[in-house]
Amino acid sequence: MQIVNVMTSDPITIDQHDTLSKAKTIMDEGRFRRLPVMEDGRLVGIVTERDLREFTGYLKSIRVNAAMRTALITITPYNTVEDAACLMLKHKIGGLPIVADGQLVGIVTSSDLLKAFLNVVKATGEIMQR
C-alpha cells in the first residue's frame, strides 16, 4: 500500500519565525503532536510536543527555529506504508513529512499507520468469513 493512501494531505504548517506559543495553540486546536516548519515554501524542520515541553514558561518569547529539529527524515508519496513504518521504528519517531519535487505534500503519523493496519486486519477478517 502506498503512503499516499494513508497520509494527511496538505498538512497545517508553521513558519520558523513564529513563536512556540503559536505552535502550541495550533497543535492543541488541531489535536496533533507535530508541525512541519516552513520557510519561503520550503520544509526546513519539524517541531513536536516534546520540543515545546523543553521551553515551558518561555513559549511566547522563543521562535520555532530555536526549538525545531532540522535533521529531517522524509519520504515520498510513492513510498509504501511498510517503508514509512520501518523508518519510523528505526529512528524512533512518530511522524514523517512527505515530500514530492521538493514540496511538502503530506504527513504520516504512527496513528495513520495503525489505522491502515486495522483496515487490513478488518478486510482480512471479512475475506476469511466468506
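This is a tour of one protein model, stop by stop, with what to select at each.

**Before starting**

The model is predicted: local features need pLDDT of at least 70 and side-chain atom pairs count only at pLDDT 80 or more, while totals for chains, interfaces and linings use all residues. Residues are numbered from 1 along each chain as its sequence is written, and side-chain values use heavy atoms, with hydrogens and water left out.

**The whole chain**

Show the protein as a cartoon. It has five helices and six strands; helices (H or I, at least four residues) and strands (E, at least two) are DSSP runs, numbered from the N terminus. Followed from the N terminus, the order of elements is β-β-α-β-β-α-α-α-β-β-α. Along the principal axes, the C-alpha atoms fill a box of roughly 60 × 30 × 25 Å.

The accessible surface is about 8200 Å², and carbon and sulfur atoms account for 53% of it. Such areas come from the Shrake-Rupley method with a 1.4 Å probe; for residues, only the protein chains shown count as cover. Of the 130 residues, 38% are buried. Here buried means under 20% relative accessible area, exposed over 50%, and partly exposed in between (1.4 Å probe, protein chains only).

Contacts (heavy atoms within 4.5 Å) can be sorted by sequence separation. Among those between residues at least 6 apart in sequence, 54% join residues at least 24 apart.

**Stop 1: Asp 18 and Lys 22**

Select Asp 18 and Lys 22 and show their side chains. They form a salt bridge, with the closest N and O atoms 3.5 Å apart. The term means a side-chain nitrogen of Lys or Arg within 4 Å of a carboxyl oxygen of Asp or Glu, and by this rule the model has three salt bridges. Lys 22 counts as partly exposed because its relative accessibility is 42%.

**Stop 2: Lys 24 and Asp 28**

Move on to helix H1, residues 20–30, where Asp 28 and Lys 24 both lie; they are four residues apart, about one turn of the helix. Their side chains meet in a salt bridge, 2.8 Å from N to O. Asp 28 has 43% relative accessibility and so counts as partly exposed. Lys 24, at 34%, is likewise partly exposed.

**Stop 3: Asp 51 and Arg 69**

Select Asp 51 and Arg 69. This pair also forms a salt bridge, its closest N and O atoms being 2.8 Å apart. The pair links distant parts of the chain, 18 residues apart: Asp 51 is in helix H2 (residues 49–53), and Arg 69 is in the loop between helix H3 (64–67) and helix H4 (81–91). Arg 69 is partly exposed, at 39%.

**Stop 4: Thr 48**

Which residues does Thr 48 touch, leaving aside its neighbours within four places in sequence? The contacts are Met 27, Arg 33, Arg 34 and Arg 69. Thr 48 has a relative accessible area of 16%, so it is buried.

**Stop 5**

Next, look at two backbone angles. Most residues other than glycine have a negative phi. Arg 31 is not a glycine, yet has a positive phi of about 55 degrees. Arg 31 sits in the loop between H1 and strand E3 (34–39), and is exposed, with a relative accessible area of 77%.

Asp 40 also has a positive phi, about 50 degrees, and is not a glycine either. Select the loop between E3 and E4 to find Asp 40. At 72% relative accessibility, Asp 40 is exposed.

**Stop 6: Ala 85**

Go to helix H4 and select Ala 85. This residue is partly exposed, at 25% relative accessibility.

**Stop 7: the nonpolar patch**

Finish with Phe 117, Leu 118 and Val 121, which make a nonpolar surface patch of about 310 Å². Patches are made of residues with over 30% relative accessible area and no salt bridge; like charges are joined within 9 Å, and nonpolar side chains (Val, Leu, Ile, Met, Phe, Trp, Tyr) within 5 Å. Phe 117 is in helix H5, residues 110–129.
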